[in-house]
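Biologist: I'd like to go through this one slowly and ask where the labels come from. Could you take me through it?

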Amino acid sequence: MFEECLAQEESVKVGRILLVDDEPAILQALKRLLCRQYDVVTAGSGQQALDLLEQEAFDLVISDMRMPGLSGADLLKVCFERWPEMVRVLVTGYADMESTIRAVNEGNIYRYINKPWDNDQLCSVVADALQCKILQEKNEKLQARIKEQNKELARFNHELEQQVEQKTDQAGAAEAKLEEAYRSLVQEFNSMVLLLVGMVEQRNGEEPGSSERLARLSKLFGEFAGLVGQPIQDLYYAALLKNIGKITLPDAVLIKSWTTMNRLEKKEYSRFPVNGQTTLMLLEPLQNSANIIRSHMELYNGKGFPDRLEGDAIPLESRILRIVTDYVDLQREHNFLGEKLNEDDTRTYMIKMAGLRYDRALIDLLMEVLEDFDEGIVPNMDRIPIAAAKQGTILAKSLISPAGVVLLSEGTLLTERHVSKLQALQRQFEGHQIMLQVRHPDSSGSE
């Protein structure tokens, strides 16, 4: 079965790419690198690329910066204006940084790659870009669905007003219908939120249900801190969706701790709270939660991100969410210290950092909250590259190939043969960062 899946992968095309460069040798090199996994079309100039785009649809365009006539920066600017849903990547030299910055701003490019490029890095960027497009399309469909539901409720309200004016004796029945419609809308909204949470947990390699447990702890913390009513609900939703801005981050960043990231990776990672806020602001019931998410990575001493807020300038809900987030992350792999702590050491560290990273009064309150919270919230699974797979490892989730084929099912105990086949798969999909979700060695598999 495993060998059949590998053979099936060889013929699957998972995206359509347009390569643009005035040097035929470079075009051929890029096409050889990418054509096995993707449907690749080439263009020898910016104008030829535009002619092709007028006739055909593409998921991704990769353009060289320096070309006679229409430059790569100008081409991607036109692409952004006319085909904004298409992902844009620029290949550039270090001498072109000023033009690259302009292209980033005007062409809204997804990523730029320096010459000479690294094949693994380029393949990783392509895979991440296409995955980002898929996630964006799913998000747009969800947002369109909510807008349609809002229109339907507005129409129903309008009809209800007309009925009340014409027939007051039917008001009671109409009110009951309105309440039923409202309950249905709330149910649909909560289902949409749970769908988003599932997408976030799957993309970030988190254990299913871990976001819900963290949200319940945040809600209890908020109640201890004196929050009531809508602010408690806003904090709960913010805790559920705090990592939604990470879904477009590449695996190479997601699996690293802050201490091992380079400068560019830290810059990219530090945008995720703003990305999360932007994603949720279109959904009116989540606008307050979106603002909490923007500020939940700030630190009490003003050294957090993205706005370097300090002290009480950080919203109370965001201060609470940062504390709960760190309490959980410190007991996981790839945390900001680069070292996994046990629960006692986590509490000791957070007390030590009270007044620096955290609001001192809230840290004192956290210790009381934890005495009342009897649920375990630290996930019992890790996310690792398939190159790190070892005999005896248990899969916490099914392994799915870049083309969507299930290769190994959840709960599989890896044997020496499995490990060998996984290494072959990594070589076959050179340039893709394929990840495994595995249970901790001391985990029994129960949640």
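Predicted model: local features only at pLDDT ≥ 70, side-chain atom pairs only at ≥ 80, totals over all residues.

Biologist: What makes Leu-254 count as buried at 18%?

Modeller: Buried means under 20% relative accessible area. Leu-254 comes in at 18%, so it counts as buried. You'll find Leu-254 in helix α10, residues 251-254.

Biologist: And which residues is Leu-254 in contact with, leaving aside neighbours within four places in sequence?

Modeller: Those are Arg-203, Asn-204, Lys-246, Leu-249 and Arg-383. Take Asn-204: it is 50 residues from Leu-254 along the chain, yet the C-alpha atoms of the two are separated by 7.0 Å.

Biologist: How much of the whole protein is buried?

Modeller: Buried residues make up 49% of the 447 residues. The protein has 17 helices and nine strands. Among contacts between residues at least 6 apart in sequence, 64% join residues at least 24 apart.

Biologist: Let's turn to rings. Why is the pair of Tyr-269 and Phe-272 called tilted?

Modeller: The structure holds eight aromatic pairs. In this one, the ring centres of Tyr-269 and Phe-272 are 5.1 Å apart and the planes are at 55°. Rings pair if their centres lie within 6.5 Å, and planes under 30 degrees apart count as stacked, over 60 as edge-to-face and the rest as tilted.

Biologist: Then what makes the pair of Tyr-269 and Phe-305 edge-to-face?

Modeller: Tyr-269 and Phe-305 have 75° between their planes, with 6.2 Å centre to centre. Edge-to-face needs an angle over 60 degrees, and the pair with 75° is edge-to-face. This pair also links distant parts of the chain: Tyr-269 sits in helix α11 (residues 263-269) and Phe-305 in the loop between α13 and α14, 36 residues apart.

Biologist: Which charged end sits over the ring of Phe-272?

Modeller: That of Lys-246, 4.8 Å from the ring centre. Elsewhere, Arg-357 lies over the face of Phe-336, at 4.1 Å from the ring centre.

Biologist: Now for a helix pair. Why are α12 and α13 called roughly antiparallel?

Modeller: Their axes come within 7 Å and cross at roughly 175°. Angles over 145 degrees count as roughly antiparallel. With a crossing of roughly 175°, α12 and α13 are therefore roughly antiparallel to each other. The contact is made by Pro-273, Val-274, Gln-277 and Leu-280 of α12, and by Ala-290, Asn-291, Ile-293 and Arg-294 of α13. By class, that gives five nonpolar, two polar and one charged residues.

Biologist: Asn-291 of α13 is in that contact. What does Ser-318 touch, not counting residues up to four places away in sequence?

Modeller: Ser-318 touches Asn-291, as well as Ile-292, Ser-295 and His-296. Ser-318 is in helix α14, and at 1% relative accessibility it counts as buried.

Biologist: What about the loop between α13 and α14? Where does Arg-308 stand there, and how do you know that it is exposed?

Modeller: Arg-308 lies in that loop. Exposed means over 50% relative accessible area, and Arg-308 has 56%, so it counts as exposed. Arg-308 also has a positive phi of about 55° although it is not a glycine.

Biologist: Which peptide bonds are cis, and what are their omega values?

Modeller: Pro-306 is in the loop between α13 and α14. A cis peptide bond also joins Lys-115 and Pro-116, where omega is about -10°. Pro-116 is in the loop between β5 (111-114) and α6 (119-166).

Methods: Residues numbered from 1 in each chain as written. Heavy atoms only, no water. Axes fitted to C-alpha atoms, helices over the stretch in contact; angles between N-to-C directions. Helix = DSSP H or I, 4+ residues; strand = E, 2+ residues; numbered from the N terminus. Parallel < 35°, antiparallel > 145°, perpendicular 65-115°, else oblique. Contact = heavy atoms within 4.5 Å. Nonpolar A, V, L, I, M, F, W, Y, C, P; charged D, E, K, R; others polar. Phe/Tyr/Trp six-rings, centres within 6.5 Å; stacked < 30°, edge-to-face > 60°. Lys NZ or Arg CZ within 6 Å of the ring centre and 35° of its normal. Buried < 20%, exposed > 50% of the residue type's maximum accessible area, 1.4 Å probe, protein only.
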